[in-house]
Amino acid sequence: MTLELTAEDQSMLDGEHGRAVAAAMKILVAFSNAVGARELLDIAGAHIDGCLYHGQASLDFVERLVEGGGRVRVPTTLNVGSFDLIHPGLVKMPAAEAVSARRLMKAHLELGCQATFTCAPYQTRFRPGFGEQIAWGESNAIVFANSVIGARTNRYGDFIDLCCAMTGRAPAWGLHLTNDRRGQILFELTGSFEPADALFVGIGLIVGQRSGDRIPVISGLPQPRDEDQLKALGAAAATTGAVALFHAVGITPEARTFDEAFRGMAPEVTIRICRADIDQALAKLSSVPEGAPLAVVSLGTPHFSHEEWMRLLPMLREVAPRRGIPIYVNTGRATLKRLQDEGALAGMEAFGLIPVADTCTYVTSIIERLDGVVMTNSGKWAHYAPGNIGVSVAFGDIKDCIRSAAAGHVVRGGAVKGWKSRC
């Protein structure tokens, strides 16, 4: 299969637009040939996952593009970095590593990327529209864009996403194409469920674990309270598996009906999910029992939206936790600025609230006490943090987390507490 280039593609490859664009196009052509794409397509935007510092190679790659006079060709947002540039005093990092981490974030800005530094670009002014072709990195952002918005992107990893942004092009392959977005495996909820936050996390965990490389369709899902519940479902599914697109019948835009989700074909496999399955999946996120002493709370993975803050802040005022347990909330800098402009955070430090921007507490050394239990409402955080930063984790919804901070020990509600129930 031969990749066909347009005259403009060829001119970029030949160096007529500068060394940086030529290098990006060379990589993109090689990648496109590897995945069997026949042509490239125009993209409306990109989201870059390479701001997180993993070593000198990532910095060298971006620096080379900067030195070659590179600029992104489409609106390009940036994922979290390894440093909180808004609150630098929170970060505990060796000086040499901090210099490189900050330089990597700055180098992306020199390429013309937007200083979003959030894993939830879909909740910024750069949110794509239905059917728009984009090239996004960051697993939760990819699954949200494809599933909840109906934009089109494959799972682009570090460097490939930036090459797409530098050229404004992406391979016409996979989830960019209508025929490749058809549902393949059915997850059928059995029983009656209230749209609790933990429910969406639990379903996401199961869907991710069981889907493999197939596109899942979920039937029987209750109407979510808001898109943040779908955000949590997608993030969990992309954490425990390789899900880049899910369809929820009657909820997501490409699954208004069962037949639309499967494009008139039958599911290859049907998996039934009952309440006990969900409770058991959630129970595995916790490594400590109820009543365990609590050291820290961490919320906002993916980054907290403004709507989530509006749910959290009244809870803090009502419960008024004052045991000195820090409550870290990861959020985007644009959301943080809006809250500050509204005066919404005034007095919240008395309850232990510590906003974190530009990064996340499971990838950057921010949490003071790693020897105690950290409670979170995030399936993604609970899954990754034990391996990343070596902490013990308790999972619960936001209300559980705040009640636990007030009590000084882990308090859980029914969705996790009842995990011994049977289908």
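## Around V373

L294 stands opposite V373 of strand β13, in what is a predicted model. The residue L294 opens strand β10, which covers residues 294-304. Strands β10 and β13 run parallel to each other and share four bridges.

V373 also has a partner in another strand: in β14, its bridge partner is S392. Strand β14 covers residues 392-395, and its pairing with β13 is again parallel, over four bridges.

Which side chains of β13 point the same way? V373 and M375 share one direction, while V374 and T376 take the other. In a regular strand, side chains alternate between the two faces of the sheet. Are these residues of β13 buried or exposed? All of them, from V373 to T376, are buried.

## The whole chain

Stepping back, the chain holds 15 helices and 14 strands. Its C-alpha atoms fill a box of roughly 65 × 55 × 35 Å along the principal axes. The radius of gyration is 22 Å, which agrees with the value near 22 Å for a compact globule of 423 residues.

Of those 423 residues, 59% count as buried. Among contacts between residues at least 6 apart in sequence, 77% join residues at least 24 apart.

## Surface and charge

The chain carries 41 positive and 44 negative charges, and their mean positions lie 4 Å apart.

Definitions and conventions: Residues numbered from 1 in each chain as written. Predicted model: local features only at pLDDT ≥ 70, side-chain atom pairs only at ≥ 80, totals over all residues. Heavy atoms only, no water. Helix = DSSP H or I, 4+ residues; strand = E, 2+ residues; numbered from the N terminus. Rg over C-alpha atoms; globule rule 2.2 N^0.38 Å. Buried < 20%, exposed > 50% of the residue type's maximum accessible area, 1.4 Å probe, protein only. Contact = heavy atoms within 4.5 Å. Lys, Arg positive; Asp, Glu negative; His and termini not counted. Charge placed at Lys NZ, Arg CZ, Asp CG, Glu CD. Pairing = 2+ DSSP bridges.
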